Amino acid sequence: MHSKTVHPVSTFGGELCVPGDKSVSQRIAMLAALAKGTSVIKGFLTGEDAMSTLHAMCALGASSKFEGDVLKITGTGGKFKEPANPLDLGNSGTGTRLLAGLLAGQKMTVTMIGDESLSRRPMGRIKDPLEKMGAKIELTGEKGTLPMTISGTPLRGIRYELPMASAQVKSCVLLAGLFAEGKTTVVEPRPTRDHTEKLFQTLEIPIDVNGLEISVQGFGPLGPQVDARDITVPGDFSSAAFWIAAVAARPGAELIVRGVGLNPRRTALLDVLKRMGAQIKTELIEKEGDPIGTIYVRGAPLRGTAVGGDEIPNLIDELPLVAVLGALAQGKTVIRDAAELRVKESDRIAVTAGHLRAFGVEVEEHADGMTVHGSAKLTAPQEPLASHGDHRIAMSMAVLSLFADGPVRLGDVDCVATSYPEFWKHLEKLGGKSE
Ligand code: S3P
């Protein structure tokens with residue numbers, strides 16, 4: 001377990017590209033493995049989550065090869081093979097939950113395991129709809145958690161009203177629906193990221209999006225015939241978000257991020273920052289599939305804001321950063337309707353609130369969020385701040401540390417590699433200092 005010391009800086013900013021989108025990379029790994037032929041993927045994330053999913057797909061019969069930064073995935077044409085060993089999904093909730101959907105209707109038995117953090121995360125949320133479709137799922141962890149064993153069975157289509165706004169559960173049910181008899185409809189309580197839907201469209205898998213209702217027509221146990229495609233993965237907005245926040249909160253600082261995903265279901269942080277007073281512009285360059293473009297940020301003195309409701313799923317992974325921005329803003333910032341944060345890679349409400357307090361920030365925790373009171377002076381915590389194995393906690397705290405009154409020690413930062421292996425290099429590139 002490695003730790004890092006982050007030093008405060010007086011200037012920060014510049015221009016960069018961030019690595020590939022984690023959600024998109026993992027969906028591509030799965031769908032390219034399902035397809036017939038070789039897909040050529042540009043910008044695939046080499047972070048651990050995407051690599052765990054890719055390795056799982058190779059254990060199921062696909063093959064893959066990097067040529068420079070291009071990834072070639074040769075698919076199974078829908079004929080997955082039963083893996084010899086349990087599939088280890090590492091830290092990846094997306095990999096585990098989506099793959100469960102893809103495998104529920106295959107004629108084989110597969111066990112999935114994961115690291116300590118993933119093994120604490122709720123899997124009942126996918127077991128329920130999959131069982132309604134006729135799947136056989138066993139969760140042998142203590143509380144509806146991993147390990148999970150799926151014994152593939154014939155599936156029937158269902159209409160499923162999601163009890164929570166979750167793109168992972170939505171995608172799991174849609175993937176299972178492809179292998180079911182009849183139609184599967186998922187009804188979302190609020191719109192969530194739609195990368196699965198967009199990829200289905202790119203791969204010409206019929207999908208019907210009607211407001212919050214998304215339907216696929218099942219192809220039965222053989223699944224759909226999908227042809228391999230060449231696809232470019234956008235830069236991950238959630239990785240760019242760390243630098244966007246670090247620059248937005250520094251009056252006069254400037255940042256340009258190129259080649260980054262601009263899917264509106266991911267970029268609500270930009271709206272929040274505009275409300276807080278930052279100057280933000282975007283330029284759309286690629287409109288087909290998942291949109292890609294450039295983000296320009298100019299920092300300003302920020303003021304507190306309130307986030308909640310439909311905005312939450314569109315900035316779900318950025319909420320620890322919103323709390324960090326709240327600490328740097330004048331006045332109070334209120335986050336509500338975000339109880340889902342408690343079941344992410346860590347309890348992001350409790351951990352973020354605790355860490356902000358360690359900097360001297362006044363925070364009230366709510367069951368579904370927190371209120372952060374902006375503080376003029378951030379005192380460097382005496383004790384190292386634990387990541388709790390959560391990449392976004394480690395990186396959000398690194399951003400806050402850039403504004404502290406002295407160096408800050410961050411414990412167990414290895415988890416950063418799950419989504420952003422180049423994080424520390426990019427921190428230096430923009431003028432930060434860590435050791
Ligand atoms: C993801 C969906 C979100 C998000 C996660 C990735 C996805 O999770 O927090 O980082 O790839 O679909 P939920 O679906 O659990 O909200």
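**Overall architecture and local backbone features**

In the predicted model, the protein chain exposes about 16,100 Å², of which carbon and sulfur atoms supply 49%. Of its 435 residues, 60% count as buried. The secondary structure of the chain consists of twelve helices and 25 strands. Its radius of gyration is 21 Å, close to the 22 Å that the globule rule gives for 435 residues, so the chain is as compact as a globular protein of that length. The C-alpha trace spans about 60 × 40 × 40 Å along its principal axes. Among contacts with a separation of 6 or more, 76% join residues 24 or more positions apart.

In helix H4, which covers residues 124–132, Arg125, Ile126, Pro129 and Leu130 are buried. Viewed down the axis of H4, these residues fall within an arc of 120°, so they line one face of the helix. An α-helix has 3.6 residues a turn, so residues three or four places apart point the same way. The buried residues of H4 pack against helices H3 (93–103) and H5 (167–178), and also against strands S8 (136–139), S9 (148–151) and S11 (159–161). H4 is followed by Gly134, whose phi is positive, near 105°.

Helix H8 (residues 268–276) has as its buried residues Ala268, Leu269, Leu270, Val272, Leu273 and Met276. Their cover includes helices H7 (237–248) and H9 (319–328), together with strands S18 (279–286), S19 (292–298), S20 (306–307) and S21 (332–335). Just after H8, Gly277 adopts a positive phi of about 115°.

Further backbone features occur in loops. Most residues other than glycine have a negative phi, and most peptide bonds are trans. The peptide bond from Leu146 to Pro147 is cis, with omega near -5°, and Pro147 lies in the loop between S8 and S9. Glu204, although not a glycine, has a positive phi of about 60°. This residue is located in the loop between helix H6 (195–202) and strand S14 (208–210). The relative accessibility of Glu204 is 61%, so Glu204 counts as exposed. His388 likewise is a residue other than glycine with a positive phi, near 55°. His388 lies in the loop between strand S23 (369–373) and helix H11 (391–401), and its relative accessible area of 44% makes it partly exposed.

Notes
Residues are numbered from 1 along each chain as its sequence is written. This is a predicted model: local features need pLDDT of at least 70, side-chain atom pairs count only at pLDDT 80 or more; totals for chains, interfaces and linings use all residues. Side-chain values use heavy atoms; hydrogens and water are left out. Helices (H or I, at least four residues) and strands (E, at least two) are DSSP runs, numbered from the N terminus. The radius of gyration is taken over C-alpha atoms; the globule rule is 2.2 Å times the number of residues to the power 0.38. Buried means under 20% relative accessible area, exposed over 50%, partly exposed in between (1.4 Å probe, protein chains only). Contact means heavy atoms within 4.5 Å. Accessible areas come from the Shrake-Rupley method with a 1.4 Å probe; for residues, only the protein chains shown count as cover. The arc is that of the directions from the helix axis to the C-beta atoms.
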